[in-house]
Amino acid sequence: MPNGETGAALESFAAEVGSDGPVAVVGGRTHWEVGGPCPDDTRLVRAPSGVRSFDPADMTIRVGAGTLVEELDAVLAEAGQRANLPIVPEATVGGVLVVGRDDVHALGRGRLRDVLLEAVYVAEDGRLVKVGGPTVKNVSGFDLCRLLVGSLGTLGLVGEVILRTWPRPAVQQWLSGPCDPAVLRRELYWPSSILWDGQTSWVHLEGHESDVESEAELARSLGCNPTDGPPSLPAHRVPTAALEAGRLFDSYLVQFGTGSAYVHEPFPLPEPDPAVVALHRRLKAEFDPRGRLNPGRDPLAAL
Amino acid sequence: MLPTDRIRSASLERSLLGRDASIFEGGRAGPVCFPVSTEEVQGCVDAARRHNRAVVPRGAGTGLAGGAVPLEEPLVVVTTKMNRLLSVDADRRMAWVQPGMINLDLSRATAPYGLHFAPDPSSQQVCSLGGNVGTNAGGPHCLAHGVTSAHVLAVEVVLTSGEAVVLGESDGWAPGLDLRGAYVGSEGMMGITTAIAVRLTPDPPAVQTLLLAFDSVDSAAQTVSAVIADGIVPAAIEMMDNNIIRAVEEFVGAGFPTDAAAVVIVEVDGLPGGVAAEADRVAELALGLGGSVRRAADDNERALLWKGRKSAFGAIARIKPNYYLHDTVVPRTRLAEVMKQVYEIVEEHELQVMNVFHAGDGNLHPMLLFDRREPGIMPRVHAAGAAIIEASLAVGGVLSGEHGIGMEKRDFMPLMFSEADLDAQARLRRAFDPEEMANPGKVLPTGASCADVNALDKVPEGVWG
């Protein structure tokens, strides 16, 4: 770690993780079962928490991975900003990043995978590793940040992150109705969310007051009416490609623009391409040859 | 494999492909292949493997960091003949393209649907989309919408094992690790891109472009920070200093005030209400910091302002025969301070500098002007470049914002990353390419390189930026 950036909190997190034995990071346990069960003999550690630095004019924030997303959101809200993370009560920043599910507004606000600018993680040998960089734009070396999002902590245990932030919208509104989501997507300029359960669409609009009004008027003409918000997302995530392949689900909620749908029951997926599976195995072998980091978790089964 | 007319081994061609648009000379290609399909790329990789050669993918050769410079006569796979638009799905706002397609050709092809590809590097008239994926390219309009990675849904890649694999999902998500994200920006070191699923962005219903002029670089930089701090993320914020303003005015006559110390072009786009409010607020902030404001009255005036910005690199050829374009990023709040240091560094090394850059994301592009015939000039050019990199890192900046590391900044990587950090990057690369057969010698610092750092010859117009 150059520039003396390593804080004492990170050093002690690395010491706690150590270099031996199975170990997993526990956050808010809101998605603890995703990707498979964690064996009982796994040592549990917590990532450092708290806001390390935040200059609103840079629109980036550095926080411990154990910080609650609600706490992060409250700090950002005071400056009129937000981050593109799902605001799940009790969940931690590191937790939602490694679980990898997009916020419900990802269609318009951007994907979770693009929010992470820099991360410091503890590698399987106990060393601290920095990936990415603190600025909003950076192509210095390979883009390991993208690989950590959705990794379930199987490549490294994330201790601290720098996230990109955005202005909070002035006005926002949900509408819903029995309209075709593809038509909504075509007709509206920049909806921040479109959800669809096979019969009803929910659409979220945000931005300048007069723009939200005119877009809401357009949505009304297509059969949508103002509503408090969408139903909560069912527990299990499925790629929309699986829905299109003709799988039958009793009920589902498609989240447009994220390739994801949510269903109530877990289900078996078609086998992934063997070449994709082989790349996963080689990555695991390079980053965690002894299989000590978050044992039992499989990102390919992270549904 | 390939018909013989698409395999070149004449000495002249191999030597022509020995460089890209960077300052690196002395690379030398082995056999040069021009495949037209994924299967032919697989054939190329198999041939390289049989003959125990490295394999280097190459698009239009417009890279600025030496990423496509072939070292030790590798087999070079040029993707320029794989330049077709494979399919467009306007409802899903995506398209599949071949890697050799030119960036601007994609936006032209999707214009009838009211859609475009957001990343717009200054070289967009000549650079290939495969190259954009390789470098995770940026451009003026990446401020609000993000760089290439945010606009790539999936890539089909031929690995050095010869296997073709799709990383990511054209719908937006495939279960598992984000292999797509790890691959974008890998500078040809993890495989060869053979098809790309790109995200298309709807054309904005309203656009306003403002030209802000200032009597000091400092106030210009402060205005950029003030706009961001005010909670506005414009589509683009570009800054040009007086040296480049004068060069551009002489060259194209874009109507920039030649007595201004700096101008800032701000473009806001979206729905009309937000666009009007943000343009007003930007103007107010600029006036408050001593600037003057001109709003483009129509599309013609707007096009002229952008022509001025994008002609910058053609204009400077009239001043000095050679130039070296740098690319670092600093936190947006430190812009004014680092700009000042850049001028001091250049003065200390008795060089000329022009600045034209993506100020909104803090992405500096100091351009050092020189005449390589002048004895002893190159060590000064490189010393100034190194000092600019160090000044950027010292305030919490990074080595490169959009050009990549390639050979240019490979040996600077230890300034930003520890041994453990670099080891992690090497592991990622080995997972994709266990024998380190794809584009060896780039990005990760190793031993000495074979190519010589030398002065720049003339490169095609529109390449720089």
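Tutor: We will take a few terms in turn, keeping in mind that this is a predicted model.

Student: Why is B:G291 called buried?

Tutor: A residue counts as buried if 20 or more other C-beta atoms lie within 10 Å of its own. B:G291 has 24 within that distance, so the word applies.

Student: Where is B:G291 placed?

Tutor: B:G291 is in the loop of chain B between α9 and β16 (292–295). In space, B:G291 lies 5.4 Å from B:A213, C-alpha to C-alpha, although 78 residues separate them in sequence.

Student: Which residues are in contact with B:G291, leaving aside neighbours within four places in sequence?

Tutor: Contact requires C-beta atoms within 7 Å. B:G291 has such contacts with B:L212, B:A213, B:F214, B:S219, B:T223 and B:A286.

Student: Which residues of α9(A) are buried, and what puts them on the same side?

Tutor: The buried ones are A:L279, A:L283, A:E286 and A:F287. They cover an arc of only 85 degrees around the axis, and therefore lie on the same side of α9(A). A:P274 and A:R281, on the other side of α9(A), are exposed.

Student: What covers the buried residues of α9(A)?

Tutor: The cover includes α6 and α15 of chain B.

Student: How many residues does each chain bring to the contact between A and B?

Tutor: Chain B gives 70 residues and chain A gives 67. On the chain B side, α15(B) supplies the largest share, ten residues. By type, the chain B side divides into 33 nonpolar, 25 polar and twelve charged residues.

Student: Which domains does the assignment give for chain B?

Tutor: The assignment lists domain 1 (4–80), domain 2 (85–202), domain 3 (206–314) and domain 4 (320–411).

Student: How do you know that domain 1 of chain B touches domain 4 of chain B?

Tutor: Nine residues of domain 1 of chain B are in contact with nine of domain 4 of chain B. On the domain 1 side, these divide into five nonpolar, four polar and no charged residues. The C-alpha centres of the two domains are 29 Å apart.

Terms used. Residues are numbered from 1 along each chain as its sequence is written. Chains are lettered from A and ligands numbered from 1 in the order in which they are written. This is a predicted model: local features need pLDDT of at least 70, side-chain atom pairs count only at pLDDT 80 or more; totals for chains, interfaces and linings use all residues. Two residues are in contact if their C-beta atoms, placed from the backbone, lie within 7 Å. Helices (H or I, at least four residues) and strands (E, at least two) are DSSP runs, numbered from the N terminus. Ala, Val, Leu, Ile, Met, Phe, Trp, Tyr, Cys and Pro count as nonpolar, Asp, Glu, Lys and Arg as charged, and the others, Gly among them, as polar. A residue is buried if 20 or more other C-beta atoms lie within 10 Å of its own, exposed if 12 or fewer, and partly exposed in between; C-beta atoms are placed from the backbone. The arc is that of the directions from the helix axis to the C-beta atoms. Domain bounds come from an automatic or database domain assignment.
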